[in-house]
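Work through these exercises with the structure open beside you. Try each task before you read its solution.

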Amino acid sequence: MAEVKIQAESRTEFGKGAARRIRRDNKVPAVLYGHGTDPVHITLPGHDTMLALKTANALLLIEVTGSESLLALPKQVQRDPLKGTIEHVDLVIVKRGEKVEVEIAVHVEGEAVSGTLVVLENATVLVEAEATHIPDGVTVSIEGLDAGTAIHASDLKLPAGTTLAVDPETLIVNITTGTTAEELEADLAAAPGAEATEAAAEPVAAAAE
């Protein structure tokens with residue numbers, strides 16, 4: 001994963017009022033921490049930060065004005081629930097060659113046998129990888145698989161240098177027998193309250209006549 005360089009500024013104002021002023025200037029309040037250092041409060045450019053954080057586990061090279069450059073990974077991103085804009089970012093400092101634990105996406109490709117139902121039980125999986133070599137995700141092929149097939153974390157083919165950080169028996173993909181239209185109709189007919197609904201409809205029809 002390529003590093004994304006972002007120019008940051010030191011931040012000395014805190015509180016809700018200061019945060020609002022920062023956001024009005026199209027900037028994002030953030031904090032850097034980790035490796036035993038005191039938290040470093042910074043301000044990031046809003047547009048560049050938004051673009052960088054579209055990628056999961058984005059590796060950021062933070063260049064703080066008047067200070068050293070630091071590598072960091074997003075730890076927590078707070079967004080406006082309505083606008084979706086970034087309101088605050090927590091960044092954890094990492095070193096080159098350091099191993100970190102991150103969640104990566106699970107991508108399913110191919111088609112299972114006709115009539116089956118494919119359930120993605122876990123859309124992400126926790127792995128350990130070098131901070132500068134975090135994979136974008138892991139792909140699972142279900143091509144031609146039958147009902148009853150279960151794919152566990154231990155079945156995933158991870159890139160070299162990346163290892164599982166979860167129980168190997170964690171269920172990732174489960175393939176079951178799909179429900180036919182006839183079975184679905186029978187289930188609905190047998191559902192509690194179905195008869196009562198039909199009975200209740202009769203007086204209404206009579207009244208309408």
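A residue is buried under 20% relative accessible area, exposed over 50%, and partly exposed in between. Keep these cut-offs at hand. The model is a predicted one.

**Exercise 1. Salt bridges**

Solution. 

Step 1. Set the rule. A side-chain nitrogen of Lys or Arg must lie within 4 Å of a carboxyl oxygen of Asp or Glu.

Step 2. Take Glu-3 and Arg-96. Their side chains meet at 2.4 Å, N to O. Glu-3 is in strand E1 (residues 3–10) and Arg-96 is in the loop between strand E6 (86–94) and E7, so this pair ties together parts that are 93 residues apart in sequence. Glu-3 is partly exposed, at 33% relative accessibility. Arg-96 is exposed, at 55%.

Step 3. Take Lys-5 and Glu-63. The salt bridge between their side chains spans 3.9 Å, N to O. Lys-5 sits in strand E1 and Glu-63 in strand E4, so the pair ties together parts 58 residues apart in sequence. Glu-63 has a relative accessible area of 22%, so it is partly exposed. Lys-5 reaches 56%, so it counts as exposed.

Step 4. Take Glu-9 and Lys-27. Here the N to O distance is 3.4 Å. Glu-9 belongs to strand E1 and Lys-27 to strand E2, so parts 18 residues apart in sequence are tied together. Glu-9 is partly exposed, at 38%. Lys-27 is also partly exposed, at 29%.

**Exercise 2. Strand pairing**

Task: Work out in which sense E9 pairs with E7 and with E12.

Solution. 

Step 1. Look at strand E7 (residues 99–109) and strand E9 (residues 124–130). They pair in the antiparallel sense, over seven bridges.

Step 2. Now look at E9 and strand E12 (residues 163–164). This pairing is antiparallel too, over two bridges. Glu-128 stands opposite Thr-163 in E12.

**Exercise 3. Surface patches**

Task: Name the residues of the positive patch and of the nonpolar patch.

Solution. 

Step 1. Find the positive charge. Lys-16, Arg-20, Arg-23 and Arg-24 gather in a patch on the surface.

Step 2. Arg-24 is in helix H1 (residues 16–24). Its relative accessibility is 62%, so Arg-24 counts as exposed.

Step 3. Find the nonpolar patch. Val-108, Val-118 and Leu-120 make a patch of about 200 Å². Val-108 lies in strand E7. With a relative accessible area of 37%, Val-108 is partly exposed.

**Exercise 4. Positive phi**

Task: Is Asn-57 buried or exposed? Where do His-35 and Asn-57 lie?

Solution. 

Step 1. Check the angles. His-35 has a positive phi of about 55°, although it is not a glycine. Asn-57 has a positive phi near 55°, and this residue is not a glycine either.

Step 2. His-35 is in the loop between strand E2 (27–34) and strand E3 (37–45). Asn-57 is in the loop between helix H2 (46–52) and strand E4 (59–64).

Step 3. Apply the cut-offs. Asn-57 has 17% relative accessibility, so it counts as buried. His-35 has 44%, so it is partly exposed.

**Exercise 5. Across the chain**

Task: What separates the C-alpha atoms of His-152 and Leu-171?

Solution. 

Step 1. Read the distance. His-152 and Leu-171 are 19 residues apart along the chain, and their C-alpha atoms are separated by 4.5 Å.

Conventions: Residues numbered from 1 in each chain as written. Predicted model: local features only at pLDDT ≥ 70, side-chain atom pairs only at ≥ 80, totals over all residues. Heavy atoms only, no water. Patch = residues over 30% accessible without salt bridge, like charges linked within 9 Å, V, L, I, M, F, W, Y side chains within 5 Å. Areas by Shrake-Rupley, 256 points an atom, 1.4 Å probe, with all protein chains shown as cover. Lys, Arg positive; Asp, Glu negative; His and termini not counted. Charge placed at Lys NZ, Arg CZ, Asp CG, Glu CD. Helix = DSSP H or I, 4+ residues; strand = E, 2+ residues; numbered from the N terminus. Buried < 20%, exposed > 50% of the residue type's maximum accessible area, 1.4 Å probe, protein only. Pairing = 2+ DSSP bridges.
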